[in-house]
Number of protein chains: 2
Amino acid sequence: MKKTTKNDVMNALRQVMDPELHRSVVDLNMVRGLSISGGIVAFTLALTIPECPLRDQIAEDSRIAVQALPGVQEVQVTLGAMTDEERRAVLGATNEPPGLAAANNRIERVIAVMSGKGGVGKSLVTGLLATALKRAGQRVGILDADITGPSIPKLFGVKGPLKGGESGVEPALSRTGIKLMSINFLLPDEGEAVIWRGPMISGAIKQFWGDVQWGTLDTLLVDLPPGTSDAALTVMQSLPINGILMVTTPQSLANMIVRKAVRMAQAINVPILGVIENLGGFVAPDTGKRYDIFGPSHAEEVATLAGAPVLARLPIDPQVAALCDAGKIEEVSRSEMDTVIAALNRK
Amino acid sequence: MKKTTKNDVMNALRQVMDPELHRSVVDLNMVRGLSISGGIVAFTLALTIPECPLRDQIAEDSRIAVQALPGVQEVQVTLGAMTDEERRAVLGATNEPPGLAAANNRIERVIAVMSGKGGVGKSLVTGLLATALKRAGQRVGILDADITGPSIPKLFGVKGPLKGGESGVEPALSRTGIKLMSINFLLPDEGEAVIWRGPMISGAIKQFWGDVQWGTLDTLLVDLPPGTSDAALTVMQSLPINGILMVTTPQSLANMIVRKAVRMAQAINVPILGVIENLGGFVAPDTGKRYDIFGPSHAEEVATLAGAPVLARLPIDPQVAALCDAGKIEEVSRSEMDTVIAALNRK
């Protein structure tokens, strides 16, 4: 009987696809330490994410593919994880085109604003920070990665349509000159629903990165939607994120969900630069009395888990809410953003 | 030359898959009014969702598949939409198994709580309504469809693990006897991240429906996550939803995103039963003075678009927030829920 060769095994494993990345485990350079000895085939699968929820499926698919080869009696699959560098090399080397505008874009740093929980103020923080960075003289952009619930256009009072050509789409410009890209600039009506499943959400985010004429930016902020699913995965895996700002609120419930976002960032090895607490209390404008409407702060707990400092605490301010609703977030000035900028500049 | 038959065309179209539903357009009964006349093939594709964002792709895939047949000179594809009844018949007749527990479950009505926007209080409304229904003597369950940011376990102060057997998983029971199912009951630590792309999110929701021993329920409430992507699509397409309660807040920004959720429900033909406004103003406990922290109400605008009444307006109540954070939502009594229950009972 013909002896099984390493080549046979690799060819068999070429049929096994990573269900997340839609590329084979061989193509992804996941197969390591392959040995064949007397009908026993052993190898390690180096996963791109150690806690990958699909790891058992990948291992089982690989086992079955190799077991089917003639002459194989036993298959021993060990699960491992790639180093951060290997992961970036593999995920960076996708077959996707870089995008129409990619060659002309020079983006110094990319910061994602995340929380896991909805309605905690990710977009508010993104908008306030962009405004503060712009005032400090930076060239700033915002990539609104919330495809089904985009807030950025409304906060800045900016509407589409956008101009586009062969070298990509031109982002919208805010009153103070911040470059903005959001799905709502592409919709005929801002209230139109975007009823898309994950792959289309991911595709849109990648286009917002590669097909938009960002030009030269000192900072691009990425406003993430709630959750730890497609949008967050695509941003963390496909964009060169330098770090994450984690937004939370005093609610214990929010705290629990923000912890999930922290765990996700840690699993994918994207550094968390700091924690920002929003909705931290309401000061009555007439009496000056402070009410902890959503309970006492839990920001330090999130910071401890994240291994990053609490950079800012934002109170509830009806005036800010009114300016945001009026599309005038750039008229808001919050000194709390100075600490955030200082932390970014240290990186 | 052999003449193209209707059979040939149908066989060619059997290769064209609906990218959402992963079943062929023939299997989904989408091909209507097929005619062949002198090398010209014409037919209508009845889509399951009229505004399906992938409609052009389905049409183009179909055109290419038929064009490849020998003897075909031209293919004319018209796009149409299924009736509500047809859609339910087709989507109900999936090849998926009904679930381990489905045969023993008798669920009288299923109500989804939705908003599109995060952090507006969907879970709070779900919890308050379940509590009120239970007090009114109903058998009540909550299916927490927010897989990446589940709030229900914390609001009710309930933890896993759950018991399970060959006939499915037993839901958790709240203090007052509400049956609960949430991803957090299945995690070793409530703060663990669920880093899943859409198909796994959808799979989990379907299992929460079919593999959970709900038994006999008068009302099952489904707490949806933010967004109009996989989770919302799966709930609306795969579960027998009787109607939707739409939650909004006074913020104009929230209003815009909730309008997207309304449009989605309308596109998939799921009736909206009413609108509930949350975070409607803060009454200082010491002075009794009311502050419209998040601006004036926009609930009527959402109601007009939805063609459904505003059923309740919930103020900001620090005491409710504290009870929710302590897992004691069942100790909250809000008379606003009576109107909601009355509206449900009229259906």
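**Figure 1. Where domain 1 and domain 2 of chain A touch.** In this predicted model, 5 residues of domain 1 of chain A are in contact with 4 residues of domain 2 of chain A (contact: C-beta atoms, placed from the backbone, lie within 7 Å). On the domain 1 side there are 3 nonpolar, no polar and 2 charged residues (nonpolar: Ala, Val, Leu, Ile, Met, Phe, Trp, Tyr, Cys and Pro; charged: Asp, Glu, Lys and Arg; polar: the others, Gly among them). Domain 1 covers 6-92 and domain 2 covers 102-346, with bounds from an automatic or database domain assignment. Local features need pLDDT of at least 70 and side-chain atom pairs pLDDT 80 or more, while totals for chains, interfaces and linings use all residues. Residues are numbered from 1 along each chain as its sequence is written, and chains are lettered from A and ligands numbered from 1 in the order in which they are written.

**Figure 2. The two sides of helix 2 of chain A.** Ile58(A), Ser62(A) and Val66(A) are buried (20 or more other C-beta atoms, placed from the backbone, within 10 Å of a residue's own; exposed means 12 or fewer, partly exposed in between). Seen down the axis of helix 2, the buried residues fall within an arc of 60 degrees, so they line one face (the arc is that of the directions from the helix axis to the C-beta atoms). On the other side, Asp56(A) and Glu60(A) are exposed. Helices (H or I, at least four residues) and strands (E, at least two) are DSSP runs, numbered from the N terminus.

**Figure 3. Chain A and chain B.** A rotation of 180 degrees with 0.1 Å of shift along its axis superposes chain A on chain B, with RMSD 0.1 Å (least squares on C-alpha atoms of residues with pLDDT of at least 70 in both). That is the relation of a two-fold axis. The copies meet through the same surface, because 100% of the interface residues of chain A are also interface residues in chain B.

How values were computed. Two residues are in contact if their C-beta atoms, placed from the backbone, lie within 7 Å.
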